[in-house]
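Open the model in your viewer and get ready to select a few residues. We will stop at each one and look at what is around.

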Amino acid sequence: MISRKTFGRKTFGKKIASVLLLLVTAAVADTIPSGAKLSVRLDSGINSRTAKTGQTFHGTLARPLVVNGKSIADTGAPVKGKVTHAKSSGRLHDPGELTLRLTSVEVNGKAVPIATTAYRAKGKSHTKGNVEKIGGGAAAGALIGGLAGGGKGALIGTAAGAGAGTGVAAATGKEEASVPAEAALTFATTAAATVK
């Protein structure tokens, strides 16, 4: 037979164990683990022509940040990030590049510092457009030269047209990297972050 004193100790011990379990669960829920996914919408667009390495950007969560089945931050919670690499496009080669990372997410009205994977954007390749512009100039030059001076004129016209086409490609050939406003980007945390 269990005495009242023993029964009271066991009940008290179970209550303490329950409270400790709740505290541990709360502590786990207040940590954003490494690998947590954040889907973010940017407040404004970012373009490699005007962006500078180190500049900040702002956005909001596109979906709730959920950890262990508990929502830590709701849709619309503010986030902040940094442009960690920005390179403007060259004229005939090297498309523009952008690299973005998140630096904080707001939880319960407080900015929680975070480290994330990078989102990278690159302008489209120059090659196809440049070939079309230079080739089109050469073809037009050959046609004009051929009409004006026959075979020799066509050869001279081809060279002149290719030169003109190269000029057009150089004048119009910038291919910047661009991330539009409201674009939904996904980042993953690279280290655990404590929510205080």
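**Stop 1: arginine 101**

Start by selecting arginine 101, which sits in strand β8, the stretch covering residues 97-107. Keep in mind that you are looking at a predicted model.

Is this residue buried, exposed or something in between? Arginine 101 has a relative accessibility of 30%, so it counts as partly exposed, since that class lies between the 20% limit for buried and the 50% limit for exposed.

Valine 83 and arginine 101 are 18 residues apart along the chain, yet their C-alpha atoms are separated by 6.6 Å.

Next, follow the side chain of arginine 101 to threonine 116: one of its polar atoms lies 3.1 Å from the backbone oxygen of that threonine. Other residues in contact with arginine 101, beyond its neighbours within four places in sequence, include Phe57, Gly81, Lys82, Arg120 and Phe187.

**Stop 2: the largest nonpolar core**

Select Ile32, Leu61, Leu98 and Val105. These belong to the largest nonpolar core, which has 32 residues, and they touch the most other members. Which elements give two or more residues to this core? They are β2 (37-42), β4 (56-61), β5 (65-67), β6 (70-73), β7 (78-87), β8 and β12 (184-188). Strand β8 supplies the largest share, with five residues.

**Stop 3: glutamate 176**

Move on to glutamate 176, in the loop that runs between α2 (127-172) and β11 (178-179). Its relative accessible area is 18%. Because buried means under 20%, glutamate 176 counts as buried.

What does its side chain reach? Show serine 48: the side chains of glutamate 176 and serine 48 make a polar contact at 2.5 Å. Then show serine 89, whose backbone nitrogen lies 3.1 Å from a polar atom of the glutamate 176 side chain. Leaving aside neighbours within four places in sequence, the residues in contact with glutamate 176 also include Asn47, Arg49, Lys87, Gly96 and Gly123.

**Stop 4: the whole protein**

Finally, clear the selection and zoom out. Colour by secondary structure and look for two helices and 13 strands. Of the 196 residues, 31% are buried. Among contacts with a separation of 6 or more, 65% join residues 24 or more positions apart.

Key. Residues numbered from 1 in each chain as written. Predicted model: local features only at pLDDT ≥ 70, side-chain atom pairs only at ≥ 80, totals over all residues. Heavy atoms only, no water. Helix = DSSP H or I, 4+ residues; strand = E, 2+ residues; numbered from the N terminus. Buried < 20%, exposed > 50% of the residue type's maximum accessible area, 1.4 Å probe, protein only. Contact = heavy atoms within 4.5 Å. Polar contact = N/O pair within 3.5 Å; in protein donor to acceptor, adjacent residues only side chain to side chain. Core = buried A, V, L, I, M, F, W, Y, C linked by side-chain atoms within 4.5 Å.
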